[in-house]
Amino acid sequence: MGDKVAIEISRELYEKARKFIEENGGFKDVSELVEFLLNEAISDESESVGMTPEEEEKVKERLRSLGYI
Amino acid sequence: MVSRPHGGRLVRRVLSGRRREIFESQYREMPRLEVPLERAIDAEDLARGVFSPLEGFMVEDDYLSVLSRMRLSNDLPWTIPIVLDANREWVLNEGVSAGDDIILTYHGLPIAVLTLEDIYSWDKGLHAEKVFKTRDPNHPGVEATYKRGDILLGGRLELIQGPPNPLERYTLWPVETRVLFKEKGWRTVAAFQTRNVPHLGHEYVQKAALTFVDGLLVHPLAGWKKRGDYRDEVIIRAYEALITHYYPRGVVVLSVLRMNMNYAGPREAVHHAIVRKNFGATHFIVGRDHAGVGSYYGPYEAWEIFREFPDLGITPLFVREAYYCRRCGGMVNEKVCPHGDEYRVRISGTRLREMLGRGERPPEYMMRPEVADAIISHPDPFI
């Protein structure tokens, strides 16, 4: 099961999430859905931008050359 | 952390590497569609993530959904259709169909590759009524709609190169502002949309917003203008003067955004906010009669529409229009000033233009002298 911790959510929300998975698929269980949503909410900015460190350095170079940083 | 891109992921669709080489070897055999500057700008904005999560011009499902409910077909808020039009003759002559790759050209220069997913017709009258709330051809957005082709082409695109940009030095794309805000350590950023030189009313509004956030993005829209408007470079010079002399160091980023203006009032206010969210802004200053023209929209309609979008992901800031109050002795707004109309001096853009056009500095309660000088010193500040 790996290094996991338990969290508490309301029964009502849990049932809604379970129904959502039943109807839409995509997730094995509610835990997987919760983990996905939490990741979405708090994941690092660079993940949503999808930039490699090299690309980010190139952007910084341009910003420096233009005097922004 | 600044705002996450609209829809969760920043779109980046610029052709590069091996894929670019393949397309370059095939350019000549592909159907070509010459587009006006407005569409070439849309194509670059799409590819560089300004319109995330859109990856290309809208297919019919999304277009109709945006028209009728101001949301994409996946329910994400989206208020202005981003569509590519073509003439029926071109479609028939080229015999294009879904799955074909088309080269979009501007003045013959290849701009983008569009992978066609959908070819559909549109009702321009209905489009005008929904987007602009009028079918009146005197409205500039409606007029422009009526002049467009009868067929719409939807599909994902990849940018080859953007159209020539005289303001490239001042143009930052979403990926760049995001890195910049991160470097500055800003967690909250208010964006200010403008098409004008700054007077004291603008400064008041911006500083009111800046009181609550880490940084300010002054984001003039560059591009098509009407006669009598300030030139883009004049707006930049004027803002540079204001920022240098009247803003704390390091709290403002000045960058231009090349994006088409539709004058769609409330719908466009939401659109402007979504776009700024993609640049990383967490807050967006919504002006009185934002993106309005003539008297097609009520002065606060652009504020009211935001109530329909609790899931926008960027916070609108409704800062009231500022005026100079002779009793207060400073810039205020009607929410904070108890004095009557006889004390209020409203800053008229027309009056400012007249004075500046004559080479006169406006009074200091209207415009900072350094800003006025930056405008006056330009040999030809108006279009």
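Biologist: How many aromatic pairs do you get over all chains?
Modeller: The count comes to 10 aromatic pairs over all chains, where rings of Phe, Tyr and Trp (its six-membered ring) pair if their centres lie within 6.5 Å, with planes under 30 degrees apart counted as stacked, over 60 as edge-to-face and the rest as tilted. One of them is B:Phe51 with B:Trp78, which is edge-to-face because the ring centres are 6.3 Å apart and the planes stand at 85°.

Biologist: Where in the chain do B:Phe51 and B:Trp78 sit?
Modeller: The pair links distant parts of chain B, 27 residues apart: B:Phe51 is in the loop between α2 (37-47) and β2 (56-57), while B:Trp78 is in the loop between α3 (60-69) and β3 (84-86). Helices (H or I, at least four residues) and strands (E, at least two) are DSSP runs, numbered from the N terminus.

Biologist: Before we go on, what kind of model is this?
Modeller: This is a predicted model, in which local features need pLDDT of at least 70 and side-chain atom pairs count only at pLDDT 80 or more, whereas totals for chains, interfaces and linings use all residues. Residues are numbered from 1 along each chain as its sequence is written, chains are lettered from A and ligands numbered from 1 in the order in which they are written, and side-chain values use heavy atoms, with hydrogens and water left out.

Biologist: Back to that pair, is B:Trp78 buried or exposed?
Modeller: B:Trp78 counts as buried, at 0% relative accessibility, and B:Phe51 counts as buried too, at 1%. The classes are buried under 20% relative accessible area, exposed over 50% and partly exposed in between (1.4 Å probe, protein chains only).

Biologist: And what about B:Phe306 and B:Phe318?
Modeller: Those two form an edge-to-face pair as well, at 5.8 Å centre to centre with 65° between the planes. B:Phe306 lies in the loop between α11 (301-304) and β12 (315-317) of chain B, and B:Phe318, 12 residues apart from it, in the loop between β12 and β13 (323-325). B:Phe306 is buried, with a relative accessible area of 7%, whereas B:Phe318 is partly exposed at 35%.

Biologist: Which aromatic cluster holds B:Phe306?
Modeller: B:Phe306 belongs to one aromatic cluster with B:Tyr300, B:Trp303 and B:Phe318.

Biologist: Which Arg lies over the face of B:Tyr246?
Modeller: B:Arg368 does, at 3.9 Å from the ring centre, and in another part of the list B:Arg327 lies over the face of B:Tyr343 at 5.5 Å. The rule asks for NZ of Lys or CZ of Arg within 6 Å of the ring centre and within 35 degrees of the ring normal.

Biologist: Switching to strands, how well covered is β6(B), mostly buried or mostly exposed?
Modeller: Strand β6 (residues 151-159) of chain B is mostly covered, with 8 of its 9 residues buried.

Biologist: How many bridges join β5(B) to β6(B)?
Modeller: Strand β5 (residues 109-121) of chain B is joined to β6(B) by 9 bridges, and the two run antiparallel; strands count as paired if DSSP finds at least two bridges between them. Within β6(B), B:Gly154 is the bridge partner of B:Asp118, and B:Gly155 stands opposite B:Leu116.

Biologist: What about β2(B) and β3(B) against β6(B)?
Modeller: β2(B) pairs with β6(B) in the antiparallel sense over 2 bridges, with B:Arg156 of β6(B) as the partner of B:Gly56. β3(B) also runs antiparallel to β6(B), over 3 bridges, and here B:Leu152 is the partner of B:Asp85.

Biologist: Which residue takes a positive phi in the hairpin of β4(B) and β5(B)?
Modeller: B:His107 does, with phi near 50°, in a hairpin that has 2 residues between the strands. Strand β4 (residues 101-106) of chain B pairs with β5(B) in the antiparallel sense over 6 bridges, and B:Ile102 has B:Leu114 as its bridge partner in β5(B).

Biologist: What is the order of strands in the open sheet with β13?
Modeller: The order is β14-β13-β15 (chain B), 3 strands with antiparallel pairing, and the edge strands, each pairing on one side only, are β14 (330-332) and β15 (344-345). β13(B) and β14(B) pair over 3 bridges, with B:Gly330 of β14(B) as the partner of B:Cys325.
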